[in-house]
Every structure is written in structure tokens, then in C-alpha cells.
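Subject: Structure for your review

Dear colleague,

Please find below the structure that I am handing over to you. My notes on what was found in it follow directly after.

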Amino acid sequence: MAFADQFDRLAVKRLSLTDFRCYRQIRIETDRRPVVLTGVNGAGKTNILEAISFLIPGRGLRRAKLADIARRQTADESPDTMSADGWAAAATLTVGDMNLEIGTGCEAGGGNKRVIKIDGSVKKSQAELGRYTSAQWLTPQMDRLFLEGASGRRRFVDQLICGLDPEHAGPVAAYEHSMRSRNKLLREGKNDPAWLDSIEDSMARHGIAIAARRQAAVNRLRAVIHRGYGAFPGANIAMSGALENWLESDPALAVEDRLRQSLSESRSQDIESGASSFGPHKSDLAVYHSGTGMEAALCSTGEQKALLIGIVLAAARLQTEDRGHAPLLLLDEIAAHLDETKRQSLFEIIALLGAQAWMTGTDENFFVPLGSGAQRFLVADGAVEAV
């Protein structure tokens, strides 16, 4: 039995957008095959991927403010045709034999308040989405992941983990909220020991949960991608940081106490720096090319791209095995900088996983090898047309 046949298929069956980025209103009908979106630069291909990324918890692949996503008025439109800062993305999903209706968006005048509906029922938490859907993505902006700051690599790891364990988003959000509260109190000189003790207790509990989950997930990923994945090179990956070092030698409860004590003892220096000195927000993802032993940041641009793709595909395979279905894969301009061998390998792995991959590009010729195994759409002038 083929690998994909052992699992359910997660797919977008219908996607409807209203006042989303450049789209006033569109509807795309699809099946479970991969989707290819072609068009010139700036046509709105990435906007469609971004809309799909809002079907899972989080801020989407661009991490945009909700109010900034709403379509802007054009010169030939009257003000009454616009919906202020409101927008909506709705989809019919299939998971195996089950159909699921998801709607999300921002109501006009709602600022940054996101509304979520699942099968017509309003949900209070984005975490509800993670029970049913999952997605992983690669965008051109991520090509510099290994060259820029550690915060992007931490977000990348957390996104991969949320696909494996949707509950991971909870501790991340709770930790960030507590850390912002602590930093604010210290900046304002409100050095109330009881108040800070309570906040730091929350940071310690959630911080160790985050670090432990990151470490466990990255260790599992390393086992999959060490020897390479398809035509993509192997990678040695590990989380690095003080908490990770502590967890190597001590049990989680002891490390939690140690973090709590470190936060308490660092209050004076953190007042001056305006930031917390200890915690999972100081961790990083270390990546090395397993063939050469070279740090990813020192590899060529092409090698970095191949390493990144290999990690995401390995995470998608693990998720398929863990959750019983492959994630939606949102691959923006994925084929342009791959040679023919790697493009073919990418398409083969997508088929192996049984994933509905949404791929964008300016050149339809890159996707010819997919043949009838993909459905194609032309994106132009705020419209999407099946071809």
C-alpha cells in the first residue's frame, strides 16, 4: 500500500474571499490534487496562500495586522462599495470523508479582533482551528532564515511543532503575554515582588513547556532528515540555548525552578536592558549540512533553500504519521530556484504524502511535470480563472 493511501486527505474544496487584499470577492473550486497558481509578479498569488494560512491558528504567513489585510479602495470606486477594515476568508475542507466549513476574518470596525466560525458556530479561541486543520509554508522571505536573527528561526520551529501538536500554541502565547507584562512592569519601575513572582512563575511554567516541546520535536525531525529527504540534502538540527543545556542534565521540574530563580535574580539588569535575560525567547535553531558539516548560514543560497525545503517536507511526513493526514502545503514561488532534479523530487514527495500543495509561480513550464496530477489557475487583475 502506498504511503499516502494509509492516511486521510486534508484538502480545500472551496475557498471564498471577500475584501481580502486585492480581491473584492472570489471563489475557487478545487479537488484534492495539488493546486498551481500562475501569474505575473504582483497579481495576487501570495494573497491566496495567505488566506489559506488563516485557516489554522496564528497570524498567517505574512504575520500581518488583521486591519491591514482588508482591500483598499481603488480610484474608480465609491466609498460605499468598501467595507472599512473588514475582510473574510471562508473554506470548505475535506478531511477523509468529513466536510468542514471554516470562516475567519475581521469585522468592519473590529480593529485587530479576529472572528472564527467552524460549521456555523462562533469559536472563542483560534486553537479550535488546530483540532481540524494544519498547514506548513515556505515563502521567498524565508530564504534568509539562516542568515537573519534567531526570532525568525524560533517562529519557524514553533510553526512546525504546531502542525505536530496544536496545543503548542497555548504555552507560546501565554509565555509571550507574561514576558510582555514583566518587561512593562520593570520599565515602569513597578518592582512589586509578589506581582513579579506571579508573572515569573507563569513564565517559568510555560517557558519550560515550550523548550521541552521544541527539543523533542527537533530531535524527531533530525532523525528523519539526517540522511536527506528525496533530492534534498540531509541536515543536522538542534535547539541551542541555556534552557536546552539545562534540560540535557536535569529534569523539567528542576529546570523550571532554575528558570524561576534566574528571572528573579536578573530583575535589576533587566530593568536597564528593557528585556528578559532568560527564557525560551533566547533559544535558537542550529542547522548544519550533514554532508559537509557546514553551518547553514555559510552554505550557498541554493543549499540553504534545499535545506529549508527538506526540513519542511520532513515535518510534513512526521505530521502525516502523527495526525493521520498530511498538512496543507503553501509553497510560494517554490520552483523558480530549484534545478530540474529537485523540482521533480519535490513533486514526487508531495504525491507520496498525499498533500494538497498550493504552489505559485510566474512560469507555468516549471509545473508541466505534474501533468494531470495538478489543477491549474491563472491569477490576474483581482480574478482567478481555472485553466
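Please bear in mind that the model is a predicted one. The partner of Asp 201 in a salt bridge is Arg 205, with 3.1 Å between the closest N and O atoms. Both residues belong to helix α5, which covers residues 193–225, and because they are four residues apart, about one helical turn separates them. Arg 205 is partly exposed as well, since its relative accessibility is 39%. A network is also present: Arg 182, Asp 197, Glu 200, Arg 267 and Asp 270 are joined by salt bridges that share partners.

**Other charged pairs**

As a general point, side chains of opposite charge can pair when their charged atoms come close. In total, the structure holds 28 salt bridges. One of them links the side chains of Lys 190 and Glu 188, at 3.2 Å from N to O. Lys 190 has a relative accessible area of 42% and is therefore partly exposed. Glu 188, with 39%, is also partly exposed. A further salt bridge brings together the side chains of Arg 9 and Asp 5, with an N to O distance of 3.8 Å.

**The chain as a whole**

The protein chain contains 10 helices and 14 strands. Its C-alpha atoms fill a box of roughly 65 × 55 × 40 Å along the principal axes. How does the radius of gyration relate to that of a compact globule? For 387 residues, a compact globule would have a value near 21 Å, and the 22 Å of the protein chain agrees with this.

Of the 387 residues, 50% count as buried. The accessible surface comes to about 17500 Å², and carbon and sulfur atoms account for 49% of that area. Among the contacts with a separation of 6 or more, 69% are between residues 24 or more positions apart in the protein chain.

With kind regards

How values were computed: Residues are numbered from 1 along each chain as its sequence is written. This is a predicted model: local features need pLDDT of at least 70, side-chain atom pairs count only at pLDDT 80 or more; totals for chains, interfaces and linings use all residues. Side-chain values use heavy atoms; hydrogens and water are left out. Helices (H or I, at least four residues) and strands (E, at least two) are DSSP runs, numbered from the N terminus. The radius of gyration is taken over C-alpha atoms; the globule rule is 2.2 Å times the number of residues to the power 0.38. Buried means under 20% relative accessible area, exposed over 50%, partly exposed in between (1.4 Å probe, protein chains only). Contact means heavy atoms within 4.5 Å. Accessible areas come from the Shrake-Rupley method with a 1.4 Å probe; for residues, only the protein chains shown count as cover. A salt bridge is a side-chain nitrogen of Lys or Arg within 4 Å of a carboxyl oxygen of Asp or Glu.
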